[in-house]
Amino acid sequence: MRYRSLQRAIPVLLLPLAGCKIAGAPSFPLAGAYFPSWMLCGLLGILVAVGLRVLFLATDIDALLRLRLFTYVSLGTITGLLFWLLAFGP
Amino acid sequence: MKKISLSNRNPIGLAVAVLCIAAASALGYYVLGQDESYPSTDSGTVDAELVHIASTVGGRLQALNVHVNQSVKKGDVLYQLDPEPYTLAVQQATAGLALTQAGVEQQQRLVAVEAANADIARNQALRAKTNHDLAARTVERLRPLASKSYIPWQQYDQAQVALHDSGITLDQSHQQATAAQVAVGDLNSSIAARQVAEATLAQARYALRQTTVTAPADGYVTSLRVIPGEVLIPSQVLFTLIANDGWFVTANMREGTLHAIHPGDCATVYSMINRTTPIRGHVESIGWGVLSADSAGLSRALPFVPREMDWVHVAQRFPVRIRLEHANPQLLRLGATATVEIRHGAACD
């Protein structure tokens with residue numbers, strides 16, 4: 001049951017990557033200032049890490065994990081980097 | 001499905017953690033490599049060439065045919081200085097040329113007169129020679145007659161005086177002929193004076209032409225804040241023309257990524273005036289030098305070396321010049337922010 005939940009979570013995990021290339025400059029205007037693309041990726045990584053934490057707690061997957069801080073940080077990092085590669089990478 | 005015991009000792013949890021950390025590290029390493037191989041920056045600046053419009057002559061601004069932010073074509077008349085002083089200078093130089101031309105003609109007449117005088121003096125010398133010869137022959141003939149007293153001694157004496165006179169006259173006429181020949185002048189000085197006057201006239205005409213200022217290239221008028229009536233000194237800049245025949249982006253790239261940038265490389269440029277329109281460009285050149293705070297100082301003074309113990313050194317950046325190809329003019333304003341992606345991005349795929 002829990003593995004199925006994990007399987008169901010994978011598309012959700014990859015959902016932000018489905019957008020692939022982001023059209024336009026890799027720099028985002030906000031209130032008259034330009035924010036770099038990597039900042040968006042970092043923000044996404046943090047959000048995904050927090051979201052996964054909530055999701056895993058809800059699905060009891062969290063109980064399986066060890067070294068949770070490193071695991072969630074790594075998952076967030078992977079998300080951010082993958083998003084950068086797909087959206088802004090060469 | 002069997003319920004799995006949830007224990008913190010679970011080896012699956014450890015495996016997942018190790019896997020995640022390893023994947024994140026590997027991906028991080030890969031992304032760093034990609035970022036270095038395909039550099040990009042968001043601190044580019046749209047750039048173009050400038051011409052500071054000025055006239056090499058001074059005067060009062062009489063007519064201004066352009067207004068600020070106007071687009072002009074190469075050869076368009078931009079403004080006109082009061083041409084009157086320069087017209088007068090042309091008239092003065094024209095008169096000066098006429099004067100020297102008259103001087104040349106006068107000198108030609110003088111030379112003709114002097115040449116005629118020299119001719120006359122030469123003929124006079126010939127006549128004096130003939131007379132002298134005659135006087136000498138007369139003396140020769142009279143000498144035997146006088147010695148035998150067939151003629152009065154007085155007559156022979158007169159012949160000798162006449163010979164002496166004609167000798168002096170011959171010498172004088174030779175000197176006169178030489179002097180007259182020397183006195184024949186030439187036109188060199190008057191022709192040189194005419195050449196000076198011609199050059200002066202050409203200069204005056206050039207200065208007159210400089211009172212009309214035309215656009216040296218297609219472009220946009222900027223920084224124009226005066227109206228006709230302004231008095232300009234020679235070479236005073238009236239406004240700046242942004243040349244419209246070549247637009248660039250100057251992108252500062254970290255030195256560690258320069259190995260991945262080569263002249264001719266494709267570049268995707270976004271002008272932040274419209275951040276959704278990619279502009280295609282290519283790398284034209286990479287700057288060969290920037291002023292570094294660590295090497296600043298007068299070249300003749302001792303090197304200026306600040307005391308420091310920095311452990312982290314921020315990478316130097318060098319300006320990479322990217323020439324834009326066929327960009328929408330609405331996106332090109334000098335100084336606009338631009339992002340640049342070398343060898344990737346929407347315009348290079």
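This is a predicted model: local features need pLDDT of at least 70, side-chain atom pairs count only at pLDDT 80 or more; totals for chains, interfaces and linings use all residues.
The radius of gyration is taken over C-alpha atoms, and the globule rule used for comparison is 2.2 Å times the number of residues to the power 0.38.

Figure 1. A compact globule of 349 residues would have a radius of gyration near 20 Å, whereas the value for chain B is 47 Å. The C-alpha trace of chain B spans about 185 × 50 × 45 Å along its principal axes. Chain B contains four helices and twelve strands. Buried residues make up 22% of the 349 residues of this chain. Of the contacts in chain B between residues at least 6 apart in sequence, 83% join residues that are at least 24 apart.

**Figure 2. Helix α2 (84-147) of chain B and its packing partners.** The 64 residues of α2(B) should span 94 Å at 1.5 Å a residue, and the end C-alpha atoms of α2(B) lie 93 Å apart, in agreement with that expectation. The buried residues of α2(B) are found at Tyr86(B), Val90(B), Ala93(B), Leu97(B), Ala121(B), Ala125(B), Ala128(B), His132(B) and Ala135(B). These buried residues pack against α3 (153-183) and α4 of chain B. Just after α2(B), Ser149(B) adopts a positive phi of about 60 degrees.

Figure 3. Ser190(B), Arg194(B), Ala197(B), Leu201(B), Ala204(B) and Ala207(B) are the buried residues of α4(B). Viewed down the axis of α4(B), the buried residues fall within an arc of 140 degrees, and therefore they line one face of the helix. The buried residues of α4(B) pack against α2 (84-147) of chain B. Exposed residues on the other side of α4(B) are Asn188(B), Ala192(B), Gln195(B) and Ala199(B).

**Figure 4. Contact between helix α3 (residues 68-87) of chain A and helix α1 (residues 11-37) of chain B.** The axes of these two helices come within 8 Å of each other and cross at roughly 30 degrees. The crossing of α3(A) past α1(B) is left-handed. From α3(A), the contact is made by Phe70(A), Thr71(A), Ser74(A), Leu75(A), Thr77(A), Ile78(A), Leu81(A), Leu82(A), Trp84(A) and Leu85(A). From α1(B), the contributing residues are Val16(B), Ala17(B), Cys20(B), Ile21(B), Ala23(B), Ala24(B), Leu27(B), Gly28(B) and Val31(B).

Technical notes: Residues are numbered from 1 along each chain as its sequence is written. Chains are lettered from A and ligands numbered from 1 in the order in which they are written. A residue is buried if 20 or more other C-beta atoms lie within 10 Å of its own, exposed if 12 or fewer, and partly exposed in between; C-beta atoms are placed from the backbone. The arc is that of the directions from the helix axis to the C-beta atoms. Two residues are in contact if their C-beta atoms, placed from the backbone, lie within 7 Å. Axes are lines fitted to C-alpha atoms, for helices over the stretch in contact, and angles run from 0 to 180 degrees between N-to-C directions. A crossing is left-handed if the near helix is turned anticlockwise from the far one by less than a right angle, and right-handed if clockwise. The expected span of a helix is 1.5 Å times one less than its number of residues.
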